[in-house]
Amino acid sequence: NDQIYEVRIRKMGIPLLITGNHKFLTFNGDKETRFLECSKRRVKGDLIKIPFPSFNRKNMIDLMEEFTLIQPRRNFSSNRRIPSEKNKEILCLADGGLPQTLISETLGVSRGHVIFVNKAGWASKYTQSTYAESRIKKMDEKLVRFPRSKYSVNRFIKIDKDFCRLAGYYLAEGCVTRCKSRPNSYRASFTFEATEKEWIEDTKKLIKTVLGQKPYTVNSKNLTYIIVRSSIHALLFKKLFGEKSQNKIIPPWFFGLNREEITAVLVGWLRGDGSYLYLEGITSSKMLALDLWLLSWKHEYEPSLYYHKHPSHSQIQGRQINCSDAFILRFCHSPNSDILSFLTFHKLPLKYTQPKKIRRVKKQDAVFLPIKSIKKQIYNGAVFNIETEKDHTYTANLLAVHNCSHLGNSASDLSLIYGC
């Protein structure tokens, strides 16, 4: 129950709430940067450091490596007379390649029940829903598949401009769904307006080129759905980029990609969720907005980030719909933005936002942007401090901060952490 500070910086529409004894990494024009407490430094125009994450470039995606962290769920039906744990053991032994006869002798069940569990007897009225884990299986050096699947996919996916543009389309228009009554029935789908024929054809071409899959197209009134029916690729997209619009993310190793590849990501994303009226893109995912903003600044596109809070519900043509907050990236007029606009929409925006002259410092590992405002407010609730190794620094809403005190060996003491 004390004062906290709402800190806003130029070009960043998401404020940071921070206690007075946390420190910012600031730069005021000299050669040195220093940590200064928010409560002791309230001068508009001071520059705050926003570091760029450092990652090595990744040239290839190995599905065997990625799926070590993915645990797809396999839904099967089991007879209630036999415990579900035993049915899980049946599936685990079958995944290990054990013959059905040996499985039935080992677990003391009939061979018919082993076949029933493996083939998933969906029609049995004496069933209960259970889940088991499944992993992909390497067929040879270039192909992988699920143990019970007949279809194999390429094990390696090359990371290039085509893959990055497909990732941009997915970040804007993609999602992953699954049929509840079928195991490993994941699908990745891209949803476009029927009039966006160029983007539709480009997405279909990229799916064939990058994933080696033939996409399935569904036309429904004013929408066109492009569906990837490979569960392995759908789970890969879910792991790398998120499942639904509100939890879209960018994998950390994207910060190791070059300028051309990041431009391809922005092109795909702006075509799906953007507008050439102002050259801007909209997302409901805060993490995606922050990551795209930071990637754009790293490669000198310098957009502004705006935040609009919407009511939780609204109505369209009498139908009640759920609403999410909107995060908008708007690119101001510059030579780099002109190039991005031509690559995306093949023309310049109708209404360009003119850039404001602000003081900023761009370095290889970070950008320094000026403070717009610092406001005090009373806050009643829990506050948190993070203890990290060595230099005790971390980022909060991308801003570089120092923890409020060095806790040493007492970092596990919650009274100290909550007291910051």
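**Salt bridges, strands and a covered helix**

Glutamate 261 has a relative accessibility of 4% and therefore counts as buried; here buried means under 20% relative accessible area, exposed means over 50%, and partly exposed lies in between, with a 1.4 Å probe and protein chains only. The model is a predicted one, in which local features need pLDDT of at least 70 and side-chain atom pairs count only at pLDDT 80 or more, while totals for chains, interfaces and linings use all residues. Residues are numbered from 1 along each chain as its sequence is written, and side-chain values use heavy atoms, with hydrogens and water left out.

Side chains of opposite charge can pair when their charged atoms come close. With a salt bridge taken as a side-chain nitrogen of Lys or Arg within 4 Å of a carboxyl oxygen of Asp or Glu, a search of the whole structure finds 13 salt bridges. One of them joins glutamate 261 to arginine 57, with the closest N and O atoms 2.5 Å apart. Because arginine 57 lies in the loop between strand S5 (47-51) and strand S6 (60-62), and glutamate 261 in helix H8 (residues 259-273), this pair ties together parts that are 204 residues apart in sequence. Helices (H or I, at least four residues) and strands (E, at least two) are DSSP runs, numbered from the N terminus. Arginine 57 is partly exposed, at a relative accessible area of 35%.

Other salt bridges can be viewed in turn. Lysine 58 pairs with glutamate 66, their closest N and O atoms being 2.8 Å apart, and both lysine 58 and glutamate 66 are buried. In the salt bridge of lysine 238 with glutamate 243, the closest N and O atoms are 3.9 Å apart. Lysine 238 counts as partly exposed at 30% relative accessibility, and glutamate 243 is also partly exposed, with a relative accessible area of 25%. A network of salt bridges links Asp162, Arg165, Asp202 and Arg271.

The strands come next. Two strands pair if DSSP finds at least two bridges between them. Strand S15 (residues 216-220) and strand S16 (residues 223-228) meet this condition with five bridges, in the antiparallel sense. Within the pair, threonine 217 stands opposite isoleucine 226 of S16. The hairpin of S15 and S16 has two residues between the strands, and lysine 221 takes a positive phi near 50° there. Serine 230 and tyrosine 186 are 44 residues apart in sequence, yet their C-alpha atoms are 7.2 Å apart in space.

An open sheet of three strands can be followed in the order S9-S10-S11, with antiparallel pairing. Strand S9 (137-138) and strand S11 (153-154) stand at the edges with a single partner strand each, so one side of each is left without a neighbour in the sheet. Strand S10 (residues 143-145) is joined to S11 by two bridges, and leucine 143 has asparagine 154 in S11 as its bridge partner.

Ten of the 13 residues of H9 are buried, among them Leu288, Asp291, Trp293 and Trp297. At the N-terminal end, serine 285 caps H9, with a side-chain oxygen 3.2 Å from the backbone nitrogen of leucine 288. Just after H9, glutamate 300 takes a positive phi of about 70°.

Glutamate 280 lies in strand S18 (residues 280-283) and counts as buried at 11% relative accessibility. The side chains of glutamate 280 and arginine 330 are joined by a polar contact of 2.7 Å. A polar contact is a pair of N or O atoms within 3.5 Å; within protein, one must be able to donate a hydrogen and the other to accept it, and residues adjacent in sequence count only if both atoms are side-chain atoms.

Leucine 350 counts as exposed, at 59% relative accessibility.
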